[in-house]
Amino acid sequence: MQNKIINEIATYIKEKIMDANFTNSLKILEIGPGTGLLTNKYINCINRINENNCKYRLFCEIDLIEINSENNLFLENVIKNNQNQKMTINLYNENFIAKNLEKKSYDLILSSFTNHHIQYTEVQLFYDKISDLLCSKGKFIFGEEYVPHFDLNNDAERIRSLVIYHNRIIFEATSNMLFSNNEIEKNCFLKLTELEHISLQKGINKDGEYKVSEKQAKSSMKEAKLNLVICNKIGPKDDDVDWGGVYFCVAITE
Ligand SMILES: C[S@@+](CC[C@H](N)C(=O)[O-])C[C@H]1O[C@@H](n2cnc3c(N)ncnc32)[C@H](O)[C@@H]1O
């Protein structure tokens, strides 16, 4: 599912670049690039656009803000592999919430599965900051997991919502594991169930994971004057019940 979202984001970025007919510069901020899965994808797209189409002379400045320095090795490799005259990549090992950045300067702000690492008490600040940092017509493009709706002031409801969401994925991964004949695939599904258990525990303990519902995220974005123009549920798609899910989203400043 993560790969699907990352491909969706990269394809969208590529289409937007082609549509917008940028001829000089494009400024991108990625929040929480992790090991650079998404970063590599969109940088490859931009490089390909530049190589294949002389109409585009796209100069690109990319700021990566990653709080966890354990990912540095991966991200430094991304920088090393993409040193060219048309691309500058800056890596900041910092907390996005605390980092001082130039206002109204980014054409695109990207995040894949980072939003739910922002503490509940800082979520509004997170979206306000994104809204401030986007230039006019700029876009906030992201992938995110949303859980079933709950009352933020009711801890029992919050935990119930997390249990429903993660158990749904654990159930699906376990079924897939049992029905698969391929050992590598079986191990991937097993690993996924383990990761989901860890994620659930962290969410319950508010230990680095703070998932919200689609409705809560939309309300914080509205407050920040971010207008959600795309909010596509990628899966699971069996929905008379609100299980939560994985979403591809785009917001613009109002
Ligand atoms: C679930 S990982 C996703 C990584 C990557 N975007 C991907 O899709 O593979 C979330 C990432 O956000 C980073 N992160 C969490 N909070 C952050 C913050 N306040 N500022 C910058 N990065 C943050 C984490 O260290 C982690 O690398």
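1. Around the ligand there are 18 residues, and the closest of them are Gly32, Gly34, Asn68, Ser112 and His117; a residue counts as near a molecule if its C-beta atom, placed from the backbone, lies within 6 Å of it. By class this shell holds nine nonpolar, eight polar and one charged residues, where Ala, Val, Leu, Ile, Met, Phe, Trp, Tyr, Cys and Pro count as nonpolar, Asp, Glu, Lys and Arg as charged, and the others, Gly among them, as polar.

2. The model is a predicted one, in which local features need pLDDT of at least 70 and side-chain atom pairs count only at pLDDT 80 or more, while totals for chains, interfaces and linings use all residues. Residues are numbered from 1 along each chain as its sequence is written.

3. The protein chain is assigned domain 1 (2–147 + 211–253) and domain 2 (155–204), with bounds that come from an automatic or database domain assignment. The centres of the two domains, taken over C-alpha atoms, are 26 Å apart. Five residues from domain 1 and seven residues from domain 2 form the contact, contact meaning that the C-beta atoms of two residues, placed from the backbone, lie within 7 Å. On the domain 1 side, three nonpolar, one polar and one charged residues touch domain 2.

4. Helix α5 (residues 155–179) and helix α6 (residues 183–204) have axes that come within 8 Å and cross at roughly 170 degrees; helices (H or I, at least four residues) and strands (E, at least two) are DSSP runs, numbered from the N terminus. Axes are lines fitted to C-alpha atoms, for helices over the stretch in contact, and angles run from 0 to 180 degrees between N-to-C directions. The two helices, α5 and α6, are therefore roughly antiparallel to each other, a term used for angles over 145 degrees. The residues of their contact divide into 12 nonpolar, seven polar and two charged.

5. Seven strands make an open sheet of mixed pairing in the order β3-β2-β1-β4-β5-β7-β6, two strands being paired if DSSP finds at least two bridges between them. Since β3 (87–92) and β6 (226–235) stand at the edges with a single partner strand each, one side of each is left without a neighbour in the sheet. From one strand to the next the twist averages 15 degrees. Strand β6 runs antiparallel to β7 (residues 245–253), joined to it by eight bridges, and Leu228 stands opposite Ala251 in β7.

6. Helix α7 (residues 214–223) packs on the sheet, where it touches β5, β6 and β7, and its direction makes about 160 degrees with that of β6. Helix α4 (residues 123–133) lies across β1 (25–31), β4 (106–112), β5 (134–146), β6 and β7, running at about 145 degrees to β5.

7. Two backbone details deserve a check. Most residues other than glycine have a negative phi, and most peptide bonds are trans. Lys137, found in strand β5, has a positive phi of about 70 degrees although it is not a glycine. The peptide bond from Gly235 to Pro236 is cis, with omega near -10 degrees, and Pro236 has its place in the loop between β6 and β7.

How values were computed:
Angles under 35 degrees count as roughly parallel, over 145 as roughly antiparallel, 65 to 115 as roughly perpendicular and the rest as oblique.
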